[in-house]
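Here are some questions and answers for a reader new to this structure.

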Amino acid sequence: MTTATLNAAMNGGLAAAAAGGAGGGGGGVIAQKTVLITGVSRGLGRALALELGKRGHSVIGCSRTQQKLDSLQSDLSSEPSSSSSSSEKHLFMNVDVCSNSSVQELARVVMEKKGVPDIIVGLVHYLAFCYIKWKSTYRSIYSVNNAGTINKNNRLWEVPEEEFNAVIDTNLKGIANMLRHFIPLMIEKKQGILVNMSSGWGRSAAAQVAPYCASKWAVEGLTKSVAKELPSGMAIVALNPGVINTEMLASCFGSSSSLYQPPESWAPKAADMILNLTMADNGASLSV
């Protein structure tokens, strides 16, 4: 997003920001968009889906938890702006983005039922690697949040191979799978916006979180490289959401997580930015 557009969006000047934008229609009205969100069932993904649904946009979402997908569908249907056909307006699927075949099936179903999305937001890949106490041992978990510090972190040579692989598979390969199957569809449509969730640690570094930093630096590099490969009419950006008070941040930070804004406060600002991205933003590294 250009500086002028970003300032307009963040200050509520959507009429100016939307003119000619990927999320805008004429006369300052945001045109209805179809937005695909990965990792939609919790945290930032869920909050963004509800915000977009409230604004009248069509949401396609995926995650690995069917029960939470069903709950989100129900909440979207109960929104005041929802119509009786809300269940048909939105589409949710149980998908593992780490699996190329699973993403391939997602693309097939989306094309069959909804057509090419206008915007794809990869929220499932915005992961913090943290640990929680479980039966007197520590187990690794992944959550949709940006942890500024990490509990039970390790030096690179102390990180087990499976943990390193899990970070890379989800944060990087998951994004690659989505791009592999959806970019060709967007190219045929000759338009589309792709948003890859990055992190502050995709632009800086810290000790004892080397796998996570490596994956997020890779997301930034991947985004900039793909930006050079896209045709006119499309754009791909890396977006750092900031530190948000999600359920999993509380698992890492405890009561201090309340110092950070909740997903519900973050979502309107993020939606403004995402809906107003244009091809002029191609290759940019942005922050909410």
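This is a predicted model: local features need pLDDT of at least 70, side-chain atom pairs count only at pLDDT 80 or more; totals for chains, interfaces and linings use all residues.

Q: Which helix makes a β-α-β unit with β1 and β2?
A: The unit formed with these two strands is right-handed. Its helix covers residues 43-54 and is α3.

Q: Which residue in β3 stands opposite serine 63?
A: Strand β3 (residues 91-94) pairs with β2 in the parallel sense, over four bridges. Opposite serine 63 stands asparagine 94.

Q: Why is β2 largely enclosed by the rest of the structure, and how many of its residues are buried?
A: In a regular strand, side chains alternate between the two faces of the sheet. Ser58, Ile60 and Cys62 point one way from β2, while Val59, Gly61 and Ser63 point the other way, and all are buried. Strand β2 (residues 58-63) is largely enclosed because the number of its residues that are buried is six of the six.

Q: Is serine 215 buried or exposed, and what is its relative accessible area?
A: Serine 215 lies in helix α8 (residues 210-227). Leaving aside neighbours within four places in sequence, it is in contact with Val167, Ile168 and Asn171. Buried means under 20% relative accessible area. Serine 215 is therefore buried, its value being 0%.

Q: Which residue's backbone oxygen does the side chain of serine 215 reach?
A: The side chain of serine 215 reaches this oxygen at 2.7 Å. The oxygen belongs to the backbone of tyrosine 212.

Technical notes
Residues are numbered from 1 along each chain as its sequence is written. Side-chain values use heavy atoms; hydrogens and water are left out. Buried means under 20% relative accessible area, exposed over 50%, partly exposed in between (1.4 Å probe, protein chains only). A crossover is right-handed if, with the strands pointing away from the viewer, the path from the first strand over the helix to the second runs clockwise. Two strands pair if DSSP finds at least two bridges between them. A polar contact is a pair of N or O atoms within 3.5 Å; within protein, one must be able to donate a hydrogen and the other to accept it, and residues adjacent in sequence count only if both atoms are side-chain atoms. Contact means heavy atoms within 4.5 Å.
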